[in-house]
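Please look over the model below with its chain contact in mind.

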Amino acid sequence: MINIPSTLKISVRALRVNKMRSALTMLGIIIGVAAVITMLAVGTGARQKIGEQIASMGSNQLIVLPGASTSGGARMGAGSQMTLSMGDAEAILKECPAVSYVAPVLGGVAQVIYGNQNWSTSVTGTTPGMLVVRDWQISEGRSFTDDDVRGATKVCLLGQTVVENLFGSIDPIGQIVRIKKVPFTVIGVLDRKGQSPNGQDQDDTIYIPVTTAQKKIFGTTFPGMVRIIMVKAKGAEELSQAQKQITELIRQRHRIGQKQDDDFTVRNLTQMMQASEQSARVMALLLGSIAGVSLLVGGIGIMNIMLVSVTERTREIGIRMAVGAKTWDIRLQFLIEALILSLIGGGVGILIGVSGSQVLSNLAGWPTIVSMSSIFLAFSFSGVVGIFFGFYPAMKASLLDPIEALRYE
Amino acid sequence: MSLIKVQDISKNYNLGDVQVCALCGVSLSMDKGDFVAVMGQSGSGKSTFMNILGCLDKPTSGRYSLEGVDVSELSRDELAVIRNKKIGFVFHGFNLLSRTSALENVELPMLYNGLPAKDRKELAMAALKTVGLSGRENHHPNQLSGGQQQRVAIARALVNQAPLILADEPTGNLDTKTSREIMDLFVKLNEESDITVIIVTHEPDIAVFSKRTIRFLDGRVVSDGHTVKP
């Protein structure tokens, strides 16, 4: 029968005899665990940030862009030709079952004036559906309605950056701003959205009814023309289905024959973002495994010290065997020693890792998230390292010949 | 029934092509309560014999039974149990754990037979009292004299109430006066507690304390009989 409490006591005493050596051995594990925790925290933080950006863009989003035009044999880029219309947008909403909201967009950059302030910003003509497609809330006032779109009223919603630049501390609701010299009434202010995934300030914008944009601000080559159509699918699973349905519908509407190229493209923004989330995940995994290597090196340190310890204590092992220690008594004693080293190292490493990630996010401004699972992972991994690298020395100790061991000087 | 019965045991070592027999067909028996001195020059096979008696080594051939149990075929761990319960060792180099108190040194054999901590301490204190070391239980080996260290070792050998104590030159590192004291202790244990004591020695002065003397030469027993008292 193996007496665990006394074996534990024996192991603890042996470690305390060589305090400095035990501490240095633990250092390897401490660094390893702290590195694993910190790296995973950085990785998780990065992923979370990307996830937030996806959410800020609006989920399950598709964009229908007009196609390329050809002039004199030179093909212009995508979107160089205006081929989409209000009719296309309405048809998508009506005829594609996988689509829940549609927002046609006609916009551009325009100078906006309020009192003696002026500001150049992107002016987006759209429909109320836009706010749903982009998961965007109104923070003050109200949104414009379908009636505003139908009647081409001169009302606008301002982004936070525009409010700050034009109004400062004045309440903008009900004020008149002039966009390209056309007076608009501010009826609402958009919530703060922050940066887009590619670094643009999403709050530097003004929303107006799409019809007003067509008739009063930008003008169109044909009535009802829009630049792009934003689409929200019913769910993440319906995204590719929606993409297919829209493509078929618009090909039909634009009378594009079997062998002709599309004069539009349907782009899946969410998929692109998911790809970048995927790469962040790979990055986190990579960082984590590099840190894991240092944990492994720490484990080799434990093995090294345990082997030295077994050799040094050969006679002690011999005495224990002579008075009746069985194979597993000896084996367990050394295994527990290795385990204590690695678990204490793991515990201290967790503390350092957690506070290290805190310091990192405070000093470098990186978002770091220490998850319970990464703590658990690092701790159990250090335990496994202890057992794995402690086993060979323990094995060696337990298989010594008692006579030889007793004679060892 | 005799406590120890060995029949024709041999121990051979292979040194390259040559086979050396350290022990060549030894047969003898010892009864409970015997006090035996094993004598012989170095290389005579007495140490090999003692290692086999102490279940630290197995004979190449022959049978050895201890208290009627044939131990020559037992496994490593089964031998460890036998050593724990039936045999107490005393070595000439004391072989105590350094940096460990006398009490804990004496408790050591009981760590391996699952006694609760309270009983361990009680029995260890009693064993220390038997060897006359009451009050020294918290001293570490380096705070004790050679004689005291050997007493701790004897207490450790006694503590599991083993019927057999094997002492390998127990006075080898001690002066004459202390040697006498240690031998007196063995005699007392033998007489009062009926413990069988076997000591290996090459000093005739030490051997006289025993009741029976066995001499080894070149792996064989050359004489076996009552110790000649001066």
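This is a predicted model: local features need pLDDT of at least 70, side-chain atom pairs count only at pLDDT 80 or more; totals for chains, interfaces and linings use all residues.

Residues are numbered from 1 along each chain as its sequence is written, chains are lettered from A in the order in which they are written, and side-chain values use heavy atoms, without hydrogens and water.

**Interface of chains A and B**
- Chain B brings 25 residues to the contact and chain A brings 28 (contact: heavy atoms within 4.5 Å).
- About 2,300 Å² is buried between the two chains, and carbon and sulfur atoms give 56% of that area (accessible area, 1.4 Å probe, that two parts lose on being put together, summed over both).
- B:Arg76, B:Asn95 and B:Tyr112 supply 30% of what chain B buries against chain A, more than any other three residues.

- The rule finds two salt bridges across the interface (side-chain nitrogen of Lys or Arg within 4 Å of a carboxyl oxygen of Asp or Glu).
- B:Glu104 pairs with A:Lys9 in a salt bridge at 3.9 Å, N to O.

**Loop residues with positive phi**
- B:Cys55 has a positive phi of about 60 degrees, though it is not a glycine.
- B:Cys55 sits in the loop between α1 (46-53) and β4 (61-66) of chain B (DSSP runs numbered from the N terminus: helices H or I, at least four residues; strands E, at least two).
- B:Cys55 is buried, at 1% relative accessible area (buried: under 20%, 1.4 Å probe, protein chains only).
- B:Glu169 also is not a glycine, and its phi is positive, near 45 degrees.
- B:Glu169 lies in the loop between β7 (164-168) and α6 (176-193) of chain B.

How values were computed:
Buried means under 20% relative accessible area, exposed over 50%, partly exposed in between (1.4 Å probe, protein chains only).
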